[in-house]
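I opened this entry to note covalent links, charged pairs and nonpolar surface. The look-ups follow in that order.

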Amino acid sequence: MPVTAIADPHYHFTGWSGSGCAGTGQCVVTMDATRSVTATFTEDAYDVTVTVVGSGTVENVPGNPYTYGQTATLTPTL
């Protein structure tokens with residue numbers, strides 16, 4: 001029986017484990033006994049790049065990466 005992983009928005013599939021399934025390819029389980037398969041999903045991450053044009057700096061730049069919907073607060077300093 002093929003098993004299919006479908007990620008929710010802003011997540012991606014990172015792999016199978018259990019009952020002979022591994023990696024990110026197709027998982028096929030032979031149903032001749034009780035089986036257990038785990039699909040692992042990871043939240044998407046995004047980087048932010050700050051470019052200063054002119055004279056000044058930007059403080060309070062939190063580290064990357066950010067998850068979907070997370071807020072980055074940037075403070076300009078002249």
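I looked up the sulfur contacts of Cys 21 and found Cys 27 as the disulfide partner, with the two sulfur atoms 1.9 Å apart. The model is predicted, and I note the distance as computed from it. My search of the whole structure returned one disulfide. I then took the torsion about the S-S bond: it is 70°, and the link of Cys 21 and Cys 27 is right-handed.

Are the two cysteines buried or exposed? I read 8% relative accessibility for Cys 21, which is under 20%, so Cys 21 counts as buried. Cys 27 has a relative accessible area of 1% and is buried too.

Next I went to the charged pairs. The count came to one salt bridge. I identified the partners as Arg 35 and Asp 32, whose closest N and O atoms are 2.2 Å apart. I checked the accessibility of each partner. Asp 32 is at 57%, which is over 50%, so Asp 32 counts as exposed. Arg 35 has a relative accessible area of 37% and is therefore partly exposed.

Last, I looked for nonpolar surface. Which residues form a nonpolar patch there? I listed Val 48, Val 50, Val 52 and Leu 74, which together have about 260 Å² of accessible area. I followed up one of them, Val 48, and placed it in the loop between β5 (45-46) and β6 (57-59). Val 48 has a relative accessible area of 31% and is partly exposed. Patch members need over 30%, so I note that Val 48 passes that cut-off with its 31%.

Definitions and conventions:
Residues are numbered from 1 along each chain as its sequence is written. This is a predicted model: local features need pLDDT of at least 70, side-chain atom pairs count only at pLDDT 80 or more; totals for chains, interfaces and linings use all residues. Side-chain values use heavy atoms; hydrogens and water are left out. A disulfide is a pair of cysteine sulfur atoms within 2.5 Å. Buried means under 20% relative accessible area, exposed over 50%, partly exposed in between (1.4 Å probe, protein chains only). Patches are made of residues with over 30% relative accessible area and no salt bridge: like charges are joined within 9 Å, nonpolar side chains (Val, Leu, Ile, Met, Phe, Trp, Tyr) within 5 Å. Accessible areas come from the Shrake-Rupley method with a 1.4 Å probe; for residues, only the protein chains shown count as cover. A salt bridge is a side-chain nitrogen of Lys or Arg within 4 Å of a carboxyl oxygen of Asp or Glu. Helices (H or I, at least four residues) and strands (E, at least two) are DSSP runs, numbered from the N terminus.
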